Amino acid sequence: MARYPLSLVATFHRTSRLERLAGFVPSRTDQSPVGCNGRGLRSHSTLDEAFGAAMTGDITIDERSPITCGLVVTRVTNHLAVCSAPPHPIVMTTAIENTFLFCPRCGASHPHPGKIPFRCPKCEFTLFFGPVAAVGGLVVDDHERLLLVRRARDPGKGLWGLPGGFVDAGETIEEALSREIDEETELQITATELLMTFPNQYNYKGVVSQVIDLFYICRVADSSKVTLEPSELDDFVWTVPGADYLDEMAFDSNRRAVQRWLERRGTA
C-alpha cells in the first residue's frame with residue numbers, strides 16, 4: 001500500500017469529487033511527454049513516478065492529455081489516497097481522434113490532437129470521425145421469446161448481447177444484418193422490422209470509436225437450429241429478459257433496444 005496527497009490524485013483523476021476517486025488513478029497513455037517540462041510518463045507509469053515527477057517539476061498536466069489508469073485507489077483517509085497495484089493489467093483508453101498526432105496522408109505533425117474534424121495544416125487532409133454503422137438483431141421465436149447471446153471475447157466478454165456487428169463496406173444495412181446473424185448463429189432471417197437506432201461507443205484495445213447502432217426485430221426460418229460461432233459467442237438463451245439479464249448486458253445500446261422491445265411486447 002502507498003499513500004499520496006489527495007490533491008495529486010484528484011489532479012490525475014481529472015476530478016475533485018471524492019466519490020469519483022474510488023476507482024483508478026490515471027497515468028499517461030502513450031510514449032510522448034506529458035505537458036512540456038521534460039521526461040514525461042510512460043504508458044504504464046506508476047503513481048510513484050508520477051508523484052515524483054510532479055513534485056520535482058519534471059512534468060505538467062494539460063487538458064489535451066488522454067489518460068488511462070495506474071494504481072487502484074482503495075480508500076481515502078486524512079486527505080491521503082491509499083493505493084494498491086491493480087489485480088490485472090489496465091488497458092489504456094482514449095478517443096480515436098486523440099490518436100491522430102500526425103497526418104495519415106503527408107505525415108505532418110498535427111497541432112491540435114483531439115480536435116474534430118482533423119484538418120492537416122500542410123496538405124488540408126480532413127477527417128470527420130463520423131460514427132461507424134452497426135446492426136443488432138432482436139431475433140424472436142414462435143413463442144415470442146428473444147434470443148440473447150453471451151460474448152466469448154472482449155469487449156464485454158461473459159456478458160449478454162444481441163447478435164450483430166459492423167456494416168462492411170459496400171453492404172446495405174439489411175445485408176449486414178443477415179450476414180452477421182448467419183455468421184454468429186447460422187439462423188436465416190425471413191423478415192425484419194426496424195425497432196430503433198441509438199448512438200454507441202466501441203472500445204477496441206483502448207481506442208474508442210463512435211458508432212450508430214440500428215436494431216431490427218427479426219423472424220427466422222427455424223429458431224430451433226442455433227449454432228454459435230465459438231470465437232465470438234459461448235452461450236445463448238431464448239427468454240423474455242428480466243433484470244437479471246438486463247443488468248448483465250455488454251452494451252448499453254443493446255440493453256435499451258431490449259427494453260424498447262419489452263415495452264412493445266407489454267412486459268416492461
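**Exercise 1.** Is R255 buried, partly exposed or exposed in this predicted model?

*Solution.* Begin with the relative accessible area of R255, which is 25%. Next, recall that buried means under 20% and exposed means over 50%, with partly exposed in between.

**Exercise 2.** Determine which side chain R255 meets in a salt bridge, and where the two residues lie.

*Solution.* The side chain of R255 meets that of D252 in a salt bridge, with a distance of 2.3 Å from N to O. Both residues belong to helix α5, which covers residues 252-265, and they are three residues apart, about one turn of the helix.

**Exercise 3.** Work out which parts of the chain are linked by the salt bridge between E144 and R219.

*Solution.* First, the two side chains meet at 3.0 Å, taken from N to O. Second, E144 sits in the loop between β7 (132-139) and β8 (146-151), while R219 sits in strand β12 (residues 207-220), so that the pair links distant parts of the chain, 75 residues apart. Third, E144 is partly exposed at 33% relative accessibility, and R219 is partly exposed at 31%.

**Exercise 4.** Identify the network of salt bridges to which R179 and D168 belong.

*Solution.* R179 and D168 meet through their side chains in a salt bridge of 3.5 Å, N to O. R179 lies in helix α3 (residues 173-185), and D168 lies in the loop between β10 (164-166) and α3. The network links D168, E171, R179, E180 and E183.

How values were computed. Residues are numbered from 1 along each chain as its sequence is written. This is a predicted model: local features need pLDDT of at least 70, side-chain atom pairs count only at pLDDT 80 or more; totals for chains, interfaces and linings use all residues. Side-chain values use heavy atoms; hydrogens and water are left out. A salt bridge is a side-chain nitrogen of Lys or Arg within 4 Å of a carboxyl oxygen of Asp or Glu. Helices (H or I, at least four residues) and strands (E, at least two) are DSSP runs, numbered from the N terminus. Buried means under 20% relative accessible area, exposed over 50%, partly exposed in between (1.4 Å probe, protein chains only).
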